Amino acid sequence: MTETLDELARGLAGVLPPGAVITDPVRLRTYECDGLTHHRAVPGIVVLPESAEQIAAVVRLCNEYGVPFVARGAGTGLSGGALPRADGVLVVTAKMRRILQVDLADRRAVVEPGVTNLAITEAVREHGYYYAPDPSSQQVCTIGGNVAENSGGAHCLKYGFTVNHVLALEIVTPDGDIVTLDADDPGYDLLGAFVGSEGTLGITTKVTVRLSRAPETVTTLLAAFGSIEQGGQAVSAIIGAGVVPAAIEMMDALAIAAAEAAVACGYPAGAGAVLIVELDGPAAEVAHQFAEVERICRDNGAFELRTAAGPQERAAVWKGRRSAFAAVGRISPAYIVQDGVVPRTALPDVLASIDRLSAEYGIRVANVFHAGDGNLHPLVLFDDAEPGAEERAGLVSGRILDLCVEHGGSITGEHGVGVDKSRYMPKMFTDDDLDTMQLVRCAFDPRGLSNPGKVFPTPRLCGEVPGVRRGVHPLVESGRAEQF
Amino acid sequence: MATPQETGPDAPQETGARARHGAGARDALSATGVTVRDAGPGDAVAGVMPRWVALPESTEEVAALMRVSAGHDLAVVPAGGGTRLHWGTPPERCDLLIDTCCLNEILEHASGDLVVRVQAGVTMDALAEALAAQNQELALDVPLAGSTVGGTLATAAAGPRRLRYGTARDLLIGLTVVLADGTVARSGGKVVKNVAGYDLGKLFTGSYGTLGIITEAVFRLHPIPRARHWVTAVLPSAPPAALSAGPSTSPGAVAAALAASQAEPSAVELDWLAPAGTFTVSALVEGVAAESRAGAVRDLLAGAAEAVPDVTGGGEAPGWWGVTPGEDVLLELRVPPSGVDGALRAIAARGLPARVRGSLASAVLQIALPPESAGTEPTELAKLPEIPEIPQLAEVAEVAAFVSGLRGDVAPLGGRLTVLTAPPELARLVDLWGPVGALPLMRRVKERFDPDRRMSPGRMAGGI
Ligand SMILES: Cc1cc2nc3c(=O)[nH]c(=O)nc-3n(C[C@H](O)[C@H](O)[C@H](O)COP(=O)(O)OP(=O)(O)OC[C@H]3O[C@@H](n4cnc5c(N)ncnc54)[C@H](O)[C@@H]3O)c2cc1C
Ligand SMILES: Cc1cc2nc3c(=O)[nH]c(=O)nc-3n(C[C@H](O)[C@H](O)[C@H](O)COP(=O)(O)OP(=O)(O)OC[C@H]3O[C@@H](n4cnc5c(N)ncnc54)[C@H](O)[C@@H]3O)c2cc1C
């Protein structure tokens, strides 16, 4: 440990409870990566604060020493957003797991950032409420991480993402102030801008979430198709008919085979694709929509339809889909989970192109996706023992993102940019776009201490102290704007 | 050519720097090739007269205008339909009004993807009409005919259906803006699900033209519901004190029951003439099965209402639905839903004849002083005691006392009160926006985006 970190660690021990500052190399190592395990760095110091005030004190000390800090929730992120800095402090929210307030009359709950996504639903389920965004990792991932990533879930097609369900945030700004961002604040929607900023605009210390009423009826349908094209057509037809299902998920033959091997989900044999369509809402509404979806699936060649009657059967239908990521481990020694988005109508084209890529590079790709909103999760399978296979898989994975951008989509629908995709940002955005985003960054974090090196391809200096304008505007300096 | 000095008492003095740069500005603006004309009396922004008005037709033209403005230190205010340009605080200065009326193209309606890309000057009505041809809609209620996409985003305006669909920020998926120095920036994209980079769209919703000019927006759409039914009921008027007890017939209790109802109304609105009037509550139900669900809503309301609730189908909303309750002094009150009854009681206790209207279940209400009868149905409300005259200057103090008093009353309920529009005199007596916790951060954002304070300076909270 460097002298600076040494000194900082002593300072941190002064503002945190006993045992909340970790410097033991063995313990530090347990934090060296998040869900994207091939990016690793042992953090300089790990702290386990218990309150916003303690986080503010940590951040102020980091400022004093000019040391970067990275927030970490459960570490399930899939883009390396919580990758620590060897020269910095990792702020872990594991000790901030209290549900502070459940207010059914206001349909909201106030929670600390380390509370898991599912814990919120569990706290209110008996009253007929739930927290709508449901990432598959919901048992483990934290609300602080969800806010940072603007996480979605299978049901975001109808209900939206984290940003649509957060009413207020308490944050510690990168210079150590405690500020509340409220959806009801007039003026710039800073709350909305903060959500999805991947820890680069400060640390969330308290989250007020909207609680949703559990729907009267939930109906889940499993439809098996001969081919992925048929499934895709069915999806388009469902949306075209004006039905907005809670979820529409699709898996291709390879993904089904993997799920079958892993959890014996018992999906119809011989399916080239399965579609899971979940409808929820008022019973009368769902009954109508169900009939329509069933008809559309049959019209588009579904050879088997199953309806889940109760919660158990529904769980059985979802079992294969939920296990898909882990399941491919059964059919491939190694794999890359990709996350890209295309306009829904481009799905057939893009899937055909992925097939071609797969053949061209000799790399298998299992497709699992949130079909309703065009969010692809191709699982790029390879054998890490085979020389060159990892590189080829990496190429295929990158080419899939190119396809997404070419079709007017996005390089990430829910897993975030992190360290993993910052180099792809210029494919989607111009330098001017990125520099403009950087203005937001500089407003919040002029010293660039909050999770530096994430999201943006080239870290830029803010150059100016807010409030005081000196010298040439950065846009002018970079030759991107002219001043007359 | 009109200069600010000639236009009224509120116009700031022309600075030396401006006079210096002003000389060639008009020529430079014209040299962009964009239509530029001298401003006339109809172009004033909240009493401040611009010098010129430009009518760009593309993002690139807006960028060219902004580059010239940067070079000549011109203060710029964007205008949409101009429906409510006079609301809010006047700009500190305004040289150039950028009228977005010619940015009026619907660029792309990808109906299969339920997405539309439009220029900012397209009116919400024109957009609705085009989308309806494909049986789709942007689920954002706009209170005023002639409002543009840009103006709607810049003011974060939203109406009754915010309960089900959220507001502009929830439906906006991509944005193109031109910054003060002419930089063109895009964020988001054309897909509903997208977490790449910061969401500048969020930042610009509610920005009142102070960060830059919105030139294009991409929205997610919804299919037009097959049927719409409104259920309207009159709840008994209650003495202010009784509201605090939260009887099951109080607006707050009824709203809570409707919000929790499995009939899933898309909106629950209130119309109330305080302090003595009855409460009219109306709920909208949308969908294939709207009729049977409206029946459930009616049953629910029947227990609380004075008479059998009225159910209307076929697109017949009550006349006051989504209409602002007044235009002279208009306030917006937001409280957590459980605070609604307390807030209504506080309004009644203040004694002024306020008309309260708005989203009851979302607890976002507009308060007009004094009430106007425009847009209301001939219900009990119209028969209420004489409505006093529009407040004259002497009465502005009374309005100011109402605002600051009510602000104090609703603060403990977690509520906040902002003044949407009022006579200029009021602004001298009360802060129109009320306290905003994130103001220092907003200032820092403004300083980064517009360091020279040339974009609608002074039009937002805290003088931003
Ligand atoms: C099996 C599996 C399934 C998944 N399924 C989904 C899915 O369906 N949908 C989806 O969207 N994602 C999914 N994810 C990704 C991941 O779970 C989400 O991104 C989640 O929100 C991360 O939460 P976390 O607590 O693990 O955050 P971490 O991984 O610890 O951190 C993620 C990012 O958030 C920042 N951060 C964490 N806490 C804070 C805080 N308090 N303040 C500021 N920044 C903070 C970190 O710095 C980092 O940038 C899945 C992951 C796995 C492993
Ligand atoms: C301060 C204020 C608060 C308001 N609050 C509400 C409210 O809470 N609820 C409600 O229903 N209505 C509100 N309105 C009314 C709202 O302006 C109208 O409902 C309408 O949406 C505006 O559309 P317009 O095209 O006529 O805009 P205009 O009336 O022309 O302009 C309104 C505002 O938007 C800015 N603006 C317009 N176009 C652009 C653009 N392309 N880029 C950047 N900025 C632009 C203008 O500079 C101005 O500040 C408010 C208006 C103002 C001025």
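User: In this predicted model, where is Pro275(B) found, and what makes the peptide bond from Ala274(B) to Pro275(B) cis?

Analyst: Pro275(B) is found in the loop of chain B between β13 (267-273) and β14 (279-286). The peptide bond that runs from Ala274(B) to Pro275(B) has an omega near -5°, and it is cis.

User: Why is Thr152(B) counted as buried, and with which residues is Thr152(B) in contact?

Analyst: The relative accessibility of Thr152(B) is 3%, and the cut-off for buried is under 20%, so the residue counts as buried. Thr152(B) belongs to helix α5 (residues 149-154) of chain B. Once neighbours within four places in sequence are left aside, Thr152(B) is in contact with Met124(B), Leu140(B), Val142(B), Ser147(B) and Ala157(B).

User: How do you know whether Ala334(A) is buried or exposed?

Analyst: Ala334(A), in strand β16 (residues 334-337) of chain A, has a relative accessibility of 10%; since buried means under 20%, Ala334(A) counts as buried. Leaving aside neighbours within four places in sequence, Ala334(A) is in contact with Val380(A), Leu381(A), Phe382(A) and Asp384(A). The C-alpha atom of Ala334(A) is also separated by 9.9 Å from that of Ala389(A), which is 55 residues apart from Ala334(A) along the chain.

User: What makes Arg298(B) partly exposed, and which residues is Arg298(B) in contact with?

Analyst: With a relative accessible area of 32%, Arg298(B) falls between the 20% and 50% limits, and therefore it is partly exposed. Arg298(B) sits in helix α11 (residues 290-302) of chain B, and, apart from neighbours within four places in sequence, it is in contact with Val231(B), Pro309(B) and Val311(B). The C-alpha atoms of Arg298(B) and Ala233(B) are separated by 8.3 Å, while the two residues are 65 residues apart along the chain.

User: Which residues have the most contacts inside the largest nonpolar core, and what does Phe219(B) touch?

Analyst: The largest nonpolar core has 182 residues, and those with the most contacts inside it are Leu190(A), Leu203(B), Phe219(B), Ile347(B), Ile367(B) and Phe449(B). Not counting residues up to four places away in sequence, Phe219(B) touches a set of residues including Leu114(B), Val116(B), Leu138(B), Val149(B), Leu171(B) and Ile173(B). Another core, of 31 residues, lies apart from the largest one, and among its residues are Leu48(A), Val59(A), Phe69(A) and Val92(A). In soluble globular proteins, nonpolar side chains tend to be buried together.

User: How many cavities are counted, and what lines the largest cavity?

Analyst: The count comes to five cavities of 30 Å³ or more, and the largest cavity holds about 190 Å³ of space. Its lining consists of 20 residues, of which Arg344(A), Gly372(A), Asp113(B), Leu114(B) and Val192(B) lie nearest the centre. By kind, the lining divides into twelve nonpolar, three polar and five charged residues.

User: How many helices and strands does chain B have, and where does UniProt place the "domain: FAD-binding PCMH-type" feature in chain B?

Analyst: The secondary structure of chain B comes to 15 helices and 19 strands, and 60% of its 464 residues count as buried. UniProt, in an unreviewed entry, places the feature at residues 45-224 of chain B; that span is 23% helix and 26% strand, and its end C-alpha atoms lie 36 Å apart.

Notes. Residues numbered from 1 in each chain as written. Chains lettered and ligands numbered in written order. Predicted model: local features only at pLDDT ≥ 70, side-chain atom pairs only at ≥ 80, totals over all residues. Heavy atoms only, no water. UniProt positions renumbered as here; feature names shortened; annotations may be inferred. Helix = DSSP H or I, 4+ residues; strand = E, 2+ residues; numbered from the N terminus. Core = buried A, V, L, I, M, F, W, Y, C linked by side-chain atoms within 4.5 Å. Buried < 20%, exposed > 50% of the residue type's maximum accessible area, 1.4 Å probe, protein only. Contact = heavy atoms within 4.5 Å. 1 Å grid on protein atoms, 1.4 Å probe; cavity = no way out; pocket = protein on both sides within 12 Å on 5 of 7 lines; lining within 4 Å. Points joined across faces, edges and corners; volume = space filled by probe spheres on them. Nonpolar A, V, L, I, M, F, W, Y, C, P; charged D, E, K, R; others polar.
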